[in-house]
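Me: I have a model open on my screen and would like to learn how to read it. Could you walk me through it, feature by feature?

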Amino acid sequence: PTSQIIRPAITDSDRPKMQDVVPAVKLQGPIEELKFMGIAELRRLGTNLLDNIASIKLKIDALEEESFTKKVEGIKAWRQSPLYSLYVQIGRASMEQGKSVSQIITARQQAKEETLTVPEFEKITDLNKELRY
């Protein structure tokens, strides 16, 4: 007598869907690092705020040593980053609502929203003044 093997049916719900699979972001160089930099990455750069912001400038300066084109790419990548977007959101809210940046940041903190600190905002402002083509 032949015995028949009964296998459980595989339904579509058992398999991960392609939208459920998120590829890990692989940072390949300073341009990609700048492009994907968020607030968590900024804070992981070091323990000193001045050093953290300065490291962004150092990355762009290193790109400039390669070529002016690389520097421009680095600045463009920085301006596409989640960190820069957060900075712009805070600045825009300040202007639109007629409130100070510190009031906007305090309101974001109270609402448990991701936000920069006032010193981080100020240092990023200083950095952006230095980043000219």
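Reply: Happy to. Let's begin with surface: accessible areas come from the Shrake-Rupley method with a 1.4 Å probe. Keep in mind that this is a predicted model. For the protein chain, the accessible surface comes to about 9500 Å², and 53% of that surface belongs to carbon and sulfur atoms.

Me: How many helices and strands does the secondary structure of the protein chain come to?

Reply: There are seven helices and zero strands. Going along the sequence, the pattern reads α-α-α-α-α-α-α.

Me: What percentage of the residues of the protein chain count as buried?

Reply: Buried means under 20% relative accessible area. With that cut-off, 31% of the 133 residues in the protein chain count as buried.

Me: And how do I read contacts along the sequence? Among contacts between residues at least 6 apart, what percentage join residues at least 24 apart?

Reply: Here you look at how far apart the partners sit in sequence. In this protein chain, 64% of the contacts between residues at least 6 apart join residues at least 24 apart.

Me: Could we try a single residue? Where is Ser81 found?

Reply: Ser81 lies in the loop between α4 (68-80) and α5 (82-97).

Me: Is Ser81 buried or exposed?

Reply: Ser81 counts as buried because its relative accessibility is 0%. Its side chain reaches the backbone oxygen of Trp78 at 2.8 Å. Leaving out residues up to four places away in sequence, Ser81 touches Leu34, Lys35 and Met37.

Me: Now for charges. How many salt bridges does a search of the whole structure find?

Reply: The general idea is that side chains of opposite charge can pair when their charged atoms come close. In this structure, the search finds five salt bridges.

Me: Which residue forms a salt bridge with Lys59?

Reply: The partner of Lys59 is Glu33, and the closest N and O atoms are 2.7 Å apart. This pair links distant parts of the chain, with Lys59 in helix α3 (residues 49-66) and Glu33 in helix α1 (residues 30-35), 26 residues apart. As for cover, Lys59 counts as buried at 19% relative accessibility, whereas Glu33 counts as partly exposed at 28%.

Me: Which residue does Lys71 pair with, and how far apart are the closest N and O atoms of Glu113 and Arg108?

Reply: Lys71 forms a salt bridge with Glu64, where the closest N and O atoms are 3.5 Å apart. Lys71 counts as buried at 10% relative accessibility, while Glu64 counts as partly exposed at 36%. For Glu113 and Arg108, the closest N and O atoms are 3.7 Å apart. Arg108 counts as buried at 15% relative accessibility, and Glu113 counts as partly exposed at 42%.

Me: On to the rings. How many aromatic pairs does a search of the whole structure find?

Reply: A pair of aromatic rings is described by the distance of the centres and the angle of the planes. The search here finds three aromatic pairs. In one of them, the rings of Trp78 and Tyr84 have centres 5.7 Å apart and planes at 65°, so the pair is edge-to-face. Both Trp78 and Tyr84 are buried.

Me: Why is the pair of Tyr84 and Tyr87 tilted?

Reply: The pair is tilted because the planes of Tyr84 and Tyr87 stand at 40°, with the ring centres 5.9 Å apart. Tyr84 and Tyr87 are three residues apart in helix α5, so about one helical turn separates them. Tyr84 counts as buried at 18% relative accessibility, and Tyr87 counts as buried at 13%.

Me: Which residues do the ring pairs link into a cluster?

Reply: The cluster consists of Trp78, Tyr84, Tyr87 and Phe121.

Technical notes. Residues numbered from 1 in each chain as written. Predicted model: local features only at pLDDT ≥ 70, side-chain atom pairs only at ≥ 80, totals over all residues. Heavy atoms only, no water. Helix = DSSP H or I, 4+ residues; strand = E, 2+ residues; numbered from the N terminus. Buried < 20%, exposed > 50% of the residue type's maximum accessible area, 1.4 Å probe, protein only. Polar contact = N/O pair within 3.5 Å; in protein donor to acceptor, adjacent residues only side chain to side chain. Contact = heavy atoms within 4.5 Å. Salt bridge = Lys/Arg side-chain N within 4 Å of Asp/Glu carboxyl O. Phe/Tyr/Trp six-rings, centres within 6.5 Å; stacked < 30°, edge-to-face > 60°.
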